[in-house]
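Please have the sequence and the 3D view ready as you read.

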Amino acid sequence: MSSILTIADLKDLARRRVPKMFFDYADSGAWTESTYRANEEDFQKIKFRQRVLVDMSNRSLESTMIGEKVAMPVALAPTGLTGMQHADGEMLAAQAAEEFGVPFTLSTMSICSIEDVASVTKKPFWFQLYVLRDKDFVLNLIDRAKAAKCSALVLTLDLQILGQRHKDVRNGLSAPPKMTLANIADIAMRPRWWMGMAGTKRRTFRNIVGHAKGVGDVASLASWTTEQFDPQLSWKDVAWIKERWGGKLILKGILDKEDALMAAKTGADAIVVSNHGGRQLDGASSSISMLEEIADAVGDQIEVHMDGGIRSGQDVLKALCLGAKGTYIGRPFLYGLGAMGKEGVTMALEIIRKEMDITLALCGKRLVTDMGKDQLRR
Ligand code: HOC
């Protein structure tokens, strides 16, 4: 579609095609959404240095994340309820990422299961883990990820209790949606969405079957989280999770230097500087504003990644300049998925790739791996 040039264009289309409750779920932040907004706005405060008359031929965006070769240092973030943006959403997004050459991360709170995604992909994907109180269930999830040959475990540290997202409460979020008159009217206007959903059996959380009792609407999602997630999760738990997993481990949800120093001591392979897309602690700093301090403190001990607020290839480059080895996009790929399924996810990745490539050239660089602090106007 030639009318789609930016992630914002995909967002507009997704808004029209995805039922309001699920579009809002992807798009919302906690409480006043100030951190959600800051994640995007703070990128705009960072300026590149424009350089001229340097060789800009043979450019490359290739890099590595936790030792894995990537077509560009942009992974698809773990996002809950992805299969509600579009039928079979996690399977389609994983296929798009695989074809593009970037990592896909499946959320514990996905609609499609680990096994569903493994059945439609050839290369390993990453699995994101939430730690429930029921440790046997957690061990089982880890073993399922191993059996599916996932190549990294992404342990989320910042959601043992759910940040309140007002839009979800007001919309009465549930997966699948309850068939109220308002929902029927809303869904009826989105034929692509409901025809897709009618054609799949994957309409609720398939990773947590057996623990899904009460997962119906957002009030119960919140109370379910409180009941099921372990509020005593501590640094000690990272050790047994790491041992059981035995593979590459990424700790996601670090926003403070002291926590970053603790994370580096665990022997994990990477941290993700993240505030959960502004969906947890409203009033926390934006991820990009914390990145440099954290990367300076631990970048020589552990690989540093970041997520939150990336809406363009330029944002990715700014994060790399400030010390990230890799980045994650959540909403940009969800907008693509909601707008056009797998093709939309590919389109989101293409948009970001093109923006990165042109910006790299205009900054006078050939290799994405050469982008550093010297490329920014401070
Ligand atoms: C049961 C609720 O990471 C988000 C996701 C998933 C959280 C689901 C927990 O919405 O931020």
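By class, the lining of the largest pocket holds eleven nonpolar, seven polar and two charged residues. In this count Ala, Val, Leu, Ile, Met, Phe, Trp, Tyr, Cys and Pro are nonpolar, Asp, Glu, Lys and Arg are charged, and the others, Gly among them, are polar. The model is predicted: local features need pLDDT of at least 70 and side-chain atom pairs count only at pLDDT 80 or more, while totals for chains, interfaces and linings use all residues. Residues are numbered from 1 along each chain as its sequence is written, and side-chain values use heavy atoms, with hydrogens and water left out.

Both pockets and cavities are found on a 1 Å grid over the protein atoms alone: a cavity is a set of points where a 1.4 Å probe fits but cannot get out, a pocket is an open set with protein on both sides within 12 Å along at least five of seven lines, and lining residues have an atom within 4 Å of a point. Grid points are joined across faces, edges and corners, and a volume is the space filled by probe spheres set on the points.

Which residues lie nearest the centre of the largest pocket? They are Leu157, Asp158, Gly253, Ile254 and Asp259, out of a lining of 20 residues. The helix α11 (235–245) and the strand β8 (248–254) each give this lining at least two residues; helices (H or I, at least four residues) and strands (E, at least two) are DSSP runs, numbered from the N terminus.

The second largest pocket has 14 lining residues, and Glu98, Val102, Pro103, Lys123 and Pro124 are the closest to its centre. Its lining takes at least two residues each from β3 (68–70) and α4 (89–100), with the largest share, three residues, coming from α4. Sorted by class, seven of the lining residues are nonpolar, three are polar and four are charged.

The search of the whole structure finds one cavity of 30 Å³ or more. Among its 36 lining residues, Pro78, Thr79, Gly80, His276 and Arg279 lie nearest the centre. At least two lining residues come from each of α2 (20–27), α10 (218–228), β11 (326–329) and α15 (331–362), and α10 has the largest share, with four. The lining of this cavity divides into 19 nonpolar, ten polar and seven charged residues.

| Space | Volume |
|---|---|
| Largest pocket | about 440 Å³ |
| Second largest pocket | about 230 Å³ |
| Largest cavity | about 530 Å³ |

Next comes the ligand. What is the distance from an oxygen atom of the ligand to an N or O atom in the side chain of Tyr25? It is 2.4 Å. Polar side-chain atoms of Arg165 and Arg279 also lie by a ligand oxygen, at 2.7 Å for Arg165 and 2.9 Å for Arg279. The protein covers 96% of the 330 Å² of accessible area that the ligand has on its own, by the Shrake-Rupley method with a 1.4 Å probe.

Finally, look at the backbone. Most residues other than glycine have a negative phi, and most peptide bonds are trans. Leu81, in the loop between β4 (74–76) and α4, has a positive phi of about 55° although it is not a glycine. The peptide bond from Ala175 to Pro176 is cis, with omega near 0°, and Pro176 sits in the loop between α7 (166–171) and α8 (181–188).

Terms used:
A polar contact is a pair of N or O atoms within 3.5 Å; within protein, one must be able to donate a hydrogen and the other to accept it, and residues adjacent in sequence count only if both atoms are side-chain atoms.
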